[in-house]
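Here are a few friendly notes to read with the model open beside you.

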Amino acid sequence: MARPDAGSRTDSVARVEYLRRLIREGRSADAVRQADIYLASSTDPYLVMQCLLMKIGALMNLTRHSECPAVIDQAFEAIRTYPDPTLTGELHALRSEERRV
């Protein structure tokens, strides 16, 4: 599976889909690593927010719950620059789920 290249919004969407595919294939550790790579190089607020959400989900899949609060805090900071209602709802749902553990 090829990694998408950086660039336009289309590329950002492809990167998010790549992270989703990794998680669906049971490769959550790879998804966390790839999300970190994307986060280190992206200034696209959509991609940053999606990467943080994917990373939270992947960490939960890996039962690496102690790492989640810091990423959740990052996501709440990031949502201020990309206040999408759907992503905000997803973030709140993930935070709620994390608190249950």
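Is Tyr-46 buried or exposed?

1. Please keep in mind that this is a predicted model. To take up the opening question: Tyr-46 has a relative accessible area of 13%. The cut-off for buried is under 20%, so Tyr-46 counts as buried.

2. It is worth looking at what Tyr-46 sits against. The whole structure holds one aromatic pair. Its members are Tyr-46 and Tyr-82, arranged edge-to-face, with 5.9 Å centre to centre and 70° between the planes. Distant parts of the chain are linked in this way: Tyr-46 belongs to helix 3, while Tyr-82 lies in the loop between helix 4 and helix 5 (85-100), and 36 residues separate them.

3. Tyr-82 is partly exposed, at 22% relative accessibility, whereas Tyr-46 is buried.

4. Now for the helices. Helix 3 (residues 45-61) packs with helix 4 (residues 68-78) at an angle of about 160°, and their axes are 9 Å apart. Angles over 145 degrees count as roughly antiparallel, and helix 3 and helix 4 are therefore roughly antiparallel to each other. The crossing of helix 3 past helix 4 is left-handed.

How values were computed
Residues are numbered from 1 along each chain as its sequence is written. This is a predicted model: local features need pLDDT of at least 70, side-chain atom pairs count only at pLDDT 80 or more; totals for chains, interfaces and linings use all residues. Side-chain values use heavy atoms; hydrogens and water are left out. Axes are lines fitted to C-alpha atoms, for helices over the stretch in contact, and angles run from 0 to 180 degrees between N-to-C directions. Helices (H or I, at least four residues) and strands (E, at least two) are DSSP runs, numbered from the N terminus. Angles under 35 degrees count as roughly parallel, over 145 as roughly antiparallel, 65 to 115 as roughly perpendicular and the rest as oblique. A crossing is left-handed if the near helix is turned anticlockwise from the far one by less than a right angle, and right-handed if clockwise. Rings of Phe, Tyr and Trp (its six-membered ring) pair if their centres lie within 6.5 Å; planes under 30 degrees apart count as stacked, over 60 as edge-to-face and the rest as tilted. Buried means under 20% relative accessible area, exposed over 50%, partly exposed in between (1.4 Å probe, protein chains only).
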